[in-house]
Amino acid sequence: MRSPSCSAVRSAFWKLGLLLCASLALATVGAAFAGPDLSDDWAARVKEAKFGVLEAIDRGMKIAGSGEMYAAELEPDKGLLVYSLDIVQGEKLRNVVIDAKTGDVVENVLEDVDHSKTVAACRPFGLRSGIETATKKVPGTPFYGRLTVRGGTPSVLVNVVGADGLPKTVIVDGTSAEAPSAEPKGASEAKDRSKDREFTDRFPEEKADLGPTGRNTYFILEPGWYWVLEGTDEGKPMTVTYTTVEATRNIDGVECRAIEVREVRAGELKEITFDYYAISKRTANVYYFGEDVDVYEDGKVVSHEGAWMAGERGCRWGLMVPAVPLIGARHYQEIAPGIAMDRVEIVSTTAEVETPAGKFKDVLKQEETNPEDPGHLDVKYYAPGVGMVKEEADLVLVRYGKTDTASKGARGAPTGVPPQTDSRN
């Protein structure tokens with residue numbers, strides 16, 4: 001399911017004074033938050049580079065001329081060892097790529113990607129100062145840094161090659177006053193165990209048991225059921241309306257139900273997506289089979305970015321919401337390499353959430369990450385008998401229920417008809 005404010009992305013800043021250093025916390029984390037593949041030989045790569053990531057950040061900012069650094073990464077690229085630097089300029093992203101040996105500019109392009117919200121959330125600290133703080137507490141050579149918001153907490157994710165020659169992941173957290181001076185005892189072992197905990201991507205369901213209608217505790221797949229989330233996106237009002245429609249579609253040999261998702265930002269339609277689901281008559285697990293996407297600008301469709309279908313081009317269906325969630329369980333929701341690879345870890349089944357639509361208990365909380373977007377973290381909440389009631393801190397449930405006729409959306413707003421053609425990219 002596409003997040004209202006999420007798009008496929010890659011890749012701030014203010015100097016950190018003594019006061020900020022006292023307010024930051026560090027924590028080593030496992031593969032769920034790791035950036036680059038830490039099994040690679042990063043010790044050799046940082047030795048091969050003729051200058052470090054901090055100098056690369058300074059060079060990138062000089063080349064860009066303005067903006068705030070969002071991400072910096074040492075990486076191999078087409079036979080070269082380069083620093084890829086992502087700089088937020090307004091609602092766009094400038095990618096500056098610098099040869100890590102010669103300092104030559106390999107690429108300098110402005111992309112239509114908006115990370116201004118993340119940068120704003122991480123002020124007053126930024127990427128450069130976050131990396132400096134991380135390496136003071138966990139000595140080593142940094143080779144990756146990225147601004148992120150983890151569970152509503154602004155943070156800087158940093159990878160360093162430690163004094164022992166091994167890569168480590170450090171999170172600089174801007175909300176805690178406690179800053180341990182070294183990696184906690186046992187953290188390396190915990191991290192290794194975390195790396196071994198894979199995300200399930202195969203699900204033992206018979207296609208004959210899957211159908212377009214039903215419900216489990218946290219997900220209702222019945223025509224006419226709708227829910228509306230409201231909040232802000234980049235400081236502008238956002239409304240996302242989900243409506244389960246009558247239309248079904250056969251995908252990879254399974255009849256799936258369509259849920260229409262309409263995203264309206266500052267009064268302007270930004271996207272209409274038809275997400276396709278099926279539910280097991282045997283287990284009541286809800287599976288995600290793909291999506292059709294129309295991205296709008298000025299009332300016109302400008303792209304179908306993010307569209308995919310199970311059974312096409314190597315894509316497979318994933319588990320959206322299990323009927324019996326187990327704490328710590330990990331699974332993929334989308335398996336569309338290069339397009340959508342959202343995966344979740346179940347962290348609670350007893351969360352409490354208060355929204356304009358009511359107070360909810362025994363809420364399922366899932367943390368969503370993406371291996372193709374290191375540092376990305378989204379947190380979603382599902383209430384029993386309702387469905388999704390909150391996404392991060394930005395979107396909350398304002399109303400839900402069932403329409404009089406399944407062909408209409410929330411409050412009678414007509415919905416579209418999902419395409420019956422092949423998925424579009």
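Colleague: Is Asp292 buried or exposed?
Modeller: This is a predicted model, in which local features need pLDDT of at least 70, side-chain atom pairs count only at pLDDT 80 or more, and totals for chains, interfaces and linings use all residues. Residues are numbered from 1 along each chain as its sequence is written, and side-chain values use heavy atoms, with hydrogens and water left out. Asp292 sits in strand β16, residues 286-297, where strands (E, at least two residues) and helices (H or I, at least four) are DSSP runs numbered from the N terminus. Because buried means under 20% relative accessible area, exposed over 50% and partly exposed in between (1.4 Å probe, protein chains only), the 1% of Asp292 makes this residue buried.

Colleague: Nice. Which side chain makes a polar contact with the side chain of Asp292?
Modeller: A polar contact is a pair of N or O atoms within 3.5 Å; within protein, one must be able to donate a hydrogen and the other to accept it, and residues adjacent in sequence count only if both atoms are side-chain atoms. For Asp292 the distance is 2.7 Å, and the partner is the side chain of Arg249.

Colleague: Zooming out, what share of the chain's residues is buried?
Modeller: The chain holds six helices and 26 strands. Of the 425 residues, the buried share is 53%.

Colleague: How are α3 and α5 oriented to each other?
Modeller: The axes of α3 (residues 53-64) and α5 (residues 127-137) come within 11 Å and cross at roughly 170°. Axes here are lines fitted to C-alpha atoms, for helices over the stretch in contact, with angles from 0 to 180 degrees between N-to-C directions. Angles under 35 degrees count as roughly parallel, 65 to 115 as roughly perpendicular, over 145 as roughly antiparallel and the rest as oblique. The pair is therefore roughly antiparallel.

Colleague: And how many nonpolar, polar and charged residues are in that contact of α3 with α5?
Modeller: Val53, Leu54, Ile57 and Asp58 of α3 meet Leu127, Arg128, Ile131 and Glu132 of α5, contact meaning heavy atoms within 4.5 Å. Ala, Val, Leu, Ile, Met, Phe, Trp, Tyr, Cys and Pro count as nonpolar, Asp, Glu, Lys and Arg as charged, and the others, Gly among them, as polar. By class, the contact has five nonpolar, no polar and three charged residues.

Colleague: How far is Gly145 from Val158 in space, C-alpha to C-alpha?
Modeller: Gly145 belongs to strand β6, residues 140-150, and is buried at 0% relative accessibility. Beyond neighbours within four places in sequence, the contacts of Gly145 include Leu127, Ile131 and Val158. Gly145 and Val158 are 13 residues apart in sequence, while their C-alpha separation in space is 4.4 Å.

Colleague: What is the relative accessible area of Arg313?
Modeller: Arg313 is found in the loop between β18 (308-309) and β19 (316-321). Although not a glycine, Arg313 has a positive phi of about 50°. Arg313 is exposed, with a relative accessible area of 54%.

Colleague: One more backbone check: what is phi of Ala284 near?
Modeller: Ala284 lies in the loop between β15 (268-280) and β16. Ala284 is a residue other than glycine, yet its phi is positive, near 70°.
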